[in-house]
Amino acid sequence: MKYFTYTFGKCTGLTQIPEELFAPCNDVESFEGVFSDCENLLFIPEGLFKNSNEVISYKSAFSNCKGLTTLPENLFSNGVNVQTFGSTFATCNSLEEIPAQLFKNCPSVNSFAATFAGCENLTSLPADLFASCSQIEDFDFTFAGCVNIPSIPENLLSNCSQAKSFSQTFAAWKSLKNIPEGLFASCPEVLTFSTVFGGCENLMFIPETLFDNCLKVSEFGGAFAGCVSLQGKTPTTNGVEIWERSLPENTAFPDEIYFSGCFSGCTGLENYAQIPDEAK
């Protein structure tokens, strides 16, 4: 059997899973939604997928499992062929921490879209979480709504040189006050930062050089919208503001760049008066 798509989804009375449940199933390609909405599931056995080295998708596998507080570090130890962890643990809002080596054997992943979105109980991220995942392109909504994480490890994306999309990745982080200067330094292929920090209402400063190595970006719409506590100045690249990147003389950037609402509500910025209306 190659697909266990939503097989045990919405089994709300389920509290535990037998560790050997999938032991004979060594040709499975998808566990999409397999335990999604099992709201009372309390534990995931570490060896649950130990024979599952053909799996391509764990999309939504444990999404909305509100009873989970921890994850076994070696859960995906045979994840060599996994391509997506989209929404795998989304809205697991009792989850307290993410094991640092959770994805250490998953080198083929290209999407972590909404993987931990809405995990409101998380208070930190491991710096090496994506260290073995050099093929990631999609970080859309990955940690959106993680309201209690106060900081981002500077090296979180240091091995993610293929990343292209950061739409709402850190949106609505209500505890975030600062962004590490080198967060995107290793991400030269990024095309969109749409609402990447939107709704981070306690964010106070944006590093001036935050986007210096991201010259291909064509989408900054809403990037800092609703960041009402921002002070200081807007980020520049070699003296060029975000809204100036598409001017004819700035040939290092795309000809067309969307920046509508990029700094909407950010009235405390020192240069707010110089920001064009379209970006407000």
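Let's start with Asn64: setting aside neighbours within four places in sequence, Asn64 is in contact with Asp37, Cys38, Glu39, Ala90, Thr91 and Cys92. Contact here means heavy atoms within 4.5 Å. Keep in mind that this is a predicted model, where local features need pLDDT of at least 70, side-chain atom pairs count only at pLDDT 80 or more, and totals for chains, interfaces and linings use all residues. Residues are numbered from 1 along each chain as its sequence is written, and side-chain values use heavy atoms, with hydrogens and water left out.

**Asn64 and Thr91**

Asn64 lies in the segment before β1 (236-237), and Thr91 is placed in the segment before β1 too. Strands (E, at least two residues) are DSSP runs, numbered from the N terminus. Is Asn64 buried or exposed? Asn64 counts as buried because its relative accessibility is 14%. Thr91, with a relative accessible area of 31%, is partly exposed. The cut-offs are under 20% relative accessible area for buried, over 50% for exposed, and partly exposed in between (1.4 Å probe, protein chains only).

| Side chain | Partner side chain | Distance |
|---|---|---|
| Asn64 | Asp37 | 2.9 Å |
| Asn64 | Thr91 | 3.2 Å |

A polar contact is a pair of N or O atoms within 3.5 Å; within protein, one must be able to donate a hydrogen and the other to accept it, and residues adjacent in sequence count only if both atoms are side-chain atoms.

Leaving out neighbours within four places in sequence, Thr91 touches Asn64, Lys66, Ala117, Gly118 and Cys119. Thr91 also sits 9.0 Å from Gly145, C-alpha to C-alpha, though the two are 54 residues apart in sequence.

**The nonpolar core**

Now for the greasy part. The largest nonpolar core has 87 residues, and Phe62, Phe116, Phe184, Phe197 and Phe224 have the most contacts inside it. Such a core is a set of buried Ala, Val, Leu, Ile, Met, Phe, Trp, Tyr and Cys residues joined through side-chain atoms within 4.5 Å. Not counting residues up to four places away in sequence, the residues that Phe197 touches include Ile152, Phe170, Leu183, Phe184 and Phe224.

**The lining of the largest cavity**

Which residues line the largest cavity? They are Phe211, Pro235, Thr236, Thr237, Val240, Glu241, Ile242 and Arg245. A cavity is a set of points on a 1 Å grid over the protein atoms alone where a 1.4 Å probe fits but cannot get out, and lining residues have an atom within 4 Å of a point. β1 and β2 (240-241) are the elements that give two or more residues to this lining.

Key. Helices (H or I, at least four residues) and strands (E, at least two) are DSSP runs, numbered from the N terminus. On a 1 Å grid over the protein atoms alone, a cavity is a set of points where a 1.4 Å probe fits but cannot get out, and a pocket is an open set with protein on both sides within 12 Å along at least five of seven lines; lining residues have an atom within 4 Å of a point.
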